[in-house]
Amino acid sequence: MKMKILLAAILSLALNLNLAFAQAEIVEEIYAVVNDETITATDLKNFERDMMRSMQAELEGEKLEQALLDVKKELLDKFIEQKLLVSKVKEKNYDVDADVETIIQEIKKQNNMASDDDLKKALAQEGIEFGAWKDMWKERRKQERLIWDEVGSKIKIDNPQIMEYYRKNAARFTLPAEFTLNCIFLKKNEDGSSPREKMDQVSAELKPGLFAEVAKKHSELPDAATSIALGKFKKGELDKNLEDAALLLKKDEYSGWIETDSGWYIIQLAEFSAERVREVKDVREEIIQTLRDGQQQVKLKDYIAQLKKESYIKILKEYQ
């Protein structure tokens, strides 16, 4: 179900940070002090749980296992960074209500939900209360606003940067060759041998201009009587023997018999699009976003490092 961690993981980190910061009454092991607030074992366990939930929504297998190990090593530092950002957000007077309403409407649309009640029911199935989930989105939007104001708005991407990236990453913007093929297909005999009599009959009847007629009469693909199309394929997607033969054909030409694991084919080239590099005007916005994302990651690290310098941070114990 699409609601899976979409609704459960969307910045549960932010909400739990706020909840964790409020747990001042409980006496327990303290791992660090940031300005006038403590970081406790409960804070870190909650944060670790929510980080794991978020990663499980995006990764699996060995990548997930490695990510979980990495986050464990950096958990305390990441929590401190998040705490500093949350504290900075509190200094601002961001109004994000309209943004969050737009986001909610988009989530309902993507998940085919007609009303807020449908969304609330889906959240309830995941054990999430709608008001708390909405608050999570507000915290996320406030943090995004802060990062934009302090980092994103100061990033400028100029044309020389765009062109340099375009030239160095031509392979990324290269569209592979595509084949649209028609075919005549005959199954192998039960013992794996070729259906020689049928093949000879097809070859005898096949003449220029008669491919469709012969294919509809003899091909053993499903629906061959109404469609002779094998399909449209990008280079590398087709059986190698078929692809090698297709590369030698011109439009409307057909091959000889080609053996594959499943049977024997005669293919006809209906359409062919050669490999080509997309024009820079078609990928300009994609490049700008890629460059912006890369620069923002670097500058965000610098911004957080500056926040750390301006703050009192004392680590009392490493989290393991």
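Which residue takes a positive phi in the hairpin of β1 and β2? I looked there first, keeping in mind that this is a predicted model.

**Entry: the hairpin.** I found two residues between the strands of this hairpin. N35 is the residue with the positive phi, near 55°. I then checked the strands themselves. β1 covers residues 30-34 and β2 covers residues 37-40. Their pairing is antiparallel, over four bridges. I looked up I30 and found T40 as its bridge partner in β2.

**Entry: the open sheet.** Next I traced a sheet of four strands. I read the order as β5-β4-β7-β6, with antiparallel pairing. I followed β6 to its partner. β6 and β7 (residues 263-273) pair in the antiparallel sense over two bridges. Across that pairing, I258 stands opposite Y265 in β7.

**Entry: helices on the sheet.** I asked what packs here. Helix α9 (residues 196-205) touches β4 (178-187) and β7. Its direction makes about 130° with that of β4. Helix α10 (residues 211-218) also packs on the sheet, touching β4 and β7. For α10, the angle with the direction of β4 is about 45°.

**Entry: Y165.** Is Y165 buried or exposed? I located Y165 in helix α8, residues 159-168. Its relative accessibility is 18%, and buried means under 20%, so Y165 counts as buried. Beyond its neighbours within four places in sequence, I listed contacts with R172, F173, I287, T290 and L291. I also checked G209. Y165 and G209 are 44 residues apart in sequence and 48 Å apart in space, C-alpha to C-alpha.

Notes
Residues numbered from 1 in each chain as written. Predicted model: local features only at pLDDT ≥ 70, side-chain atom pairs only at ≥ 80, totals over all residues. Heavy atoms only, no water. Pairing = 2+ DSSP bridges. Buried < 20%, exposed > 50% of the residue type's maximum accessible area, 1.4 Å probe, protein only. Contact = heavy atoms within 4.5 Å. Axes fitted to C-alpha atoms, helices over the stretch in contact; angles between N-to-C directions.
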